[in-house]
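Here is a short report on one protein model. Keep the structure in view as you read.

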Amino acid sequence: MAAERHSSPSTVGIEEKNASIDFLSQNMREMVKKIQDLRHLGIENHTLPLPKIVVVGDQSVGKSSLIEGMSEIKVPRSAGCCTRCPLEINLSESDGPWTCRLLLMKKYMYDAGGRTQRATNARPLGPWIEQDPEELHFATLTDKTLLQEHLKWAQLATLNPGRSHTDFIPGEDQETDSTYSQVKFSPNVVRLDISAPGFPNLSFYDLPGVINVAELDEERYLVGLVENLVKEYIKAQNCIILLALPMTDDATNSSAARIIRDIPGARDRTVGVLTKPDRVELKNGNEYDQWREILRGEKFATGHGYFVVQNNPDPRIDHATARADEGYFFSNPPWTTELAEYNDRFGTRRLQTALSKLLLRLIQDSLPGIINQINTQAQSVDQALAKLPNPPSANVSYILCQKLNSFMNNVQMHVDGGSAQYPFLKQWGIIASEFQQYLTASRPGLKLNTPSEFVNPESKGDASASSSKAQKRKNTPQKNGAGDLKKMKVGDLANGSAPDVSAFKVHGHFDHFPKPAKSFTLPEIRNINADTYASGVPGLGNPHAVEALNRISVSHWEDPMKTFLLVTYSLMAEVLLNEMRYVFGQYEQTALFEELKVIIVEFLESIRIEHFHQAELVFNIECLKPFTMANDLFRRGQEEAYEYFFHKRYEARVAQYARLIDAQQQQTTGRSLRTDLSKVTEKELGPDEFAKELEIMSASRAYYDIASSRFVDTTCQGIHIKLFMRCRDELRGEIEQKLGILNENASERCTELMAEDRERQLRRMYLLKEKEKLDKAQEWLKVAEKTPEPLFYDSSS
């Protein structure tokens, strides 16, 4: 960056006091300056457009003279360079002498190796690619007469992106060719910060003139580039557009006006400026008709109407003289006669005043949104930085130990329960309850004489399809982590951001299993009884048949049990990995984070294998030897089941008997009669040939209820002992041992684990830079949150 260049104090004084600032409150003058400062901080982006004024127009419409009239500077007019890059002019009032800082704002990088200079949809500015903004100081001047020359060289520096800007600073290098430019157009901005007593508080951009037709064939690509640049600026909702139209041309020919009309809402934000009124040739007396219609808003209407300015293009005329000449021009006909009704819109000073008011109102309306967005961005940056703290440089072992303490304390809170902040046990309890409900719903049913009649106490429709179909149905894989952990990769459980434990899918894991798991028929039970009957005396009770039926009844528990265990392990993995991310999230890009993920999943897998083996043993015991000492409970259950089965069996026999009688009457009489079921007697039915089978089924049902309750309890106890308690009591030791942080070189090992990579360092540097800008922005905007002064002073007071 070049050193600041200070010229000698200007001998040219301020020509006159600018009346356009007299109506501004001091608070709002400060706000104009703050908006300028925010833009220069680099706060502005696509999501946070700051209020600004943009001057647009076709080439050679008097835009340069308009800029000179508003800013009281002289812009370069030779070599056409002033039309090839944007100019940002920030005017502000000060108590000190006239001062101007020239800066080069490099927001775009020139791709010299690009295959084409033309604009495309992917690259609307052709070879210019957006980059992180860079601010280069060019010169600081206190002599106004030097500005035009310095501005010319600043624009040449912008049009030569392949060279250092210091080569173009006047006096630094006398050998630079002042006629050569590497490119004919640049979207990079030359910025002028000008302050002086009596200056208006204005900030505006002067964009390159819109090109209708390129003078040379090789420059035709400039037409699209300039048009896209203009569109990029004026599409922002916080932009006031200043459209320059020469009164020497037909307004319908303006390409800049066409662009404004094509962008939704742009015309409502536009102020029209009619230039070159002194060059209108009077031939038949109606030359002003078009412009009168425009001033009335009848043609080419804009949201804020039109002004008329007259500027002397002679560079030798000072600004005070130019303003005096302008006042004299508008004091003559037709401006004082047929156009007199619009005299409040004649002159540069009135245009400045109107623009100042518009800009200030826009700032005031935009401030709440600007403050809110800056606060939101600041909060986002703070949250990102919280995850990227500086790596510890001392007491690394202590810091890691404290993190492990926090992690294990959170795990214990989940496993022990008792807090709404740690919902793990509540979620697991829902899964356990559904496992218990499924075992109850899947207990075997009893088919009656007809295939459609099923018997199952306390359950409507407790009948499945045939037992063969039930047995063939497979256990389908479950989502939400219910697959075999042994087959999962570490990344299957550990990658990405773990969802909140409360969002874990706890319902429906057993819906795909059949209910009931099997339905016995009475002949089938008779066969089982016959196969296991050991006594030679017929009619005696057969405990072997009950035991055989019991073994068949519980044989379907294995797959639901495995599903219950797998879902439980998946939920436990979610908890552990979620807590790991919460506690160690700031070290996500370190070796520590990756190793912790592997250790946790491998620990779960190691205890899963042992746990599943123990669960299989419990299931096999239930299948191999049905047994219970709960004699009273068994007897009550058997009585209740038998009463239910007997009643349902009786109803089925009555219905079957009635159908048989009805069929016989139909055959003998030819009439269709329906037997009253309530009148059928036990004598007519006779003894039930399957009474013994009902007793066997009742005994099996009573045992099933006892055994299933015991199996659920045993399985849940095993989960607490084999999983929950081991995670609480053994995981920390496993982590410390696998990480190797208890050895003699513990400090070096901890430092190695918590070291960060280069990408993380760059990310933190970027965020710290953003935080610095946002902190400044928030500090500057505190003035806006105070009790506001009036927007404008009442001139009558």
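## Two cis peptide bonds

Proline 516 sits in the loop between α12 (490-494) and β12 (519-521). The bond that joins lysine 515 to proline 516 is a cis peptide bond, with omega at about -10 degrees. Keep in mind that this is a predicted model.

Proline 334 belongs to the loop between α7 (319-329) and α8 (348-386).

## Two residues with positive phi

Serine 60 has a phi near 60 degrees, which is a positive value in a residue other than glycine. Look for serine 60 in the loop between β1 and α2 (63-71). Is serine 60 buried or exposed? Its relative accessibility is 65%, so serine 60 counts as exposed. The cut-off for exposed is over 50%.

Phenylalanine 300 also has a positive phi, near 50 degrees, and it is not a glycine. This residue lies in the loop between α6 (289-296) and β9. Phenylalanine 300 has a relative accessible area of 26% and is partly exposed.

## The nine-stranded sheet

Now find the open sheet. Nine strands build it, in the order β4-β3-β5-β2-β6-β1-β7-β8-β9, and the pairing is mixed. Which strands stand at the edges? They are β4 (128-141) and β9 (306-308). Each has a single partner strand, so one side of each is left without a neighbour in the sheet. From one strand to the next, the twist averages 20 degrees.

Two helices lie across this sheet. Helix α3 (residues 147-158) lies across β2 (87-93), β3 (99-110), β4 and β5 (189-196), and it runs at about 10 degrees to β3. Helix α4 (residues 221-234) lies across β1 (52-57), β5, β6 (202-206) and β7. The angle between α4 and β1 is about 150 degrees.

How many of the six residues of β1 are buried? Six of the six are, so β1 is largely enclosed by the rest of the structure. Both faces are covered. Lys52, Val54 and Val56 are buried on one side, and Ile53, Val55 and Gly57 are buried on the other.

β1 runs parallel to β7, and six bridges join the two. Lysine 52 stands opposite cysteine 239 in β7. Valine 56 stands opposite leucine 243, also in β7. β1 pairs with β6 too, in the parallel sense, over three bridges. There, valine 54 has tyrosine 205 of β6 as its bridge partner.

β7 is mostly covered, with eight of its eight residues buried. Cys239, Ile241, Leu243 and Leu245 point one way from the strand. Ile240, Leu242, Ala244 and Pro246 point the other way, and all of these residues are buried.

Strand β7 (residues 239-246) pairs with strand β8 (residues 270-275) in the parallel sense, over six bridges. Isoleucine 241 stands opposite threonine 270 in β8. Proline 246 stands opposite threonine 275 in β8.

## Helices α9 and α19

Helix α9 (residues 396-416) packs with helix α19 (residues 691-739) at an angle of about 165 degrees. Their axes are 9 Å apart. The two helices are therefore roughly antiparallel to each other, since angles over 145 degrees count that way. The crossing of α9 and α19 is right-handed.

On the α9 side, the contact includes Cys401, Leu404, Phe407 and Met408. On the α19 side, it includes Phe724, Cys727, Leu731 and Ile735. By class, the residues of the contact between α9 and α19 are 10 nonpolar, two polar and four charged.

## Helices α13 and α14

Helix α13 (residues 522-532) and helix α14 (residues 543-554) have axes that come within 8 Å and cross at roughly 125 degrees. That angle makes α13 oblique to α14. This crossing of α13 and α14 is right-handed.

Which residues of α13 make the contact? They are Ile525, Ile528, Asn529 and Thr532. From α14 come His544, Ala545, Ala548, Leu549 and Ile552. The contact of α13 with α14 has six nonpolar residues, three polar ones and no charged ones.

Conventions
Residues numbered from 1 in each chain as written. Predicted model: local features only at pLDDT ≥ 70, side-chain atom pairs only at ≥ 80, totals over all residues. Heavy atoms only, no water. Pairing = 2+ DSSP bridges. Helix = DSSP H or I, 4+ residues; strand = E, 2+ residues; numbered from the N terminus. Axes fitted to C-alpha atoms, helices over the stretch in contact; angles between N-to-C directions. Contact = heavy atoms within 4.5 Å. Parallel < 35°, antiparallel > 145°, perpendicular 65-115°, else oblique. Left-handed = near helix turned anticlockwise from the far one by under 90°. Nonpolar A, V, L, I, M, F, W, Y, C, P; charged D, E, K, R; others polar. Buried < 20%, exposed > 50% of the residue type's maximum accessible area, 1.4 Å probe, protein only.
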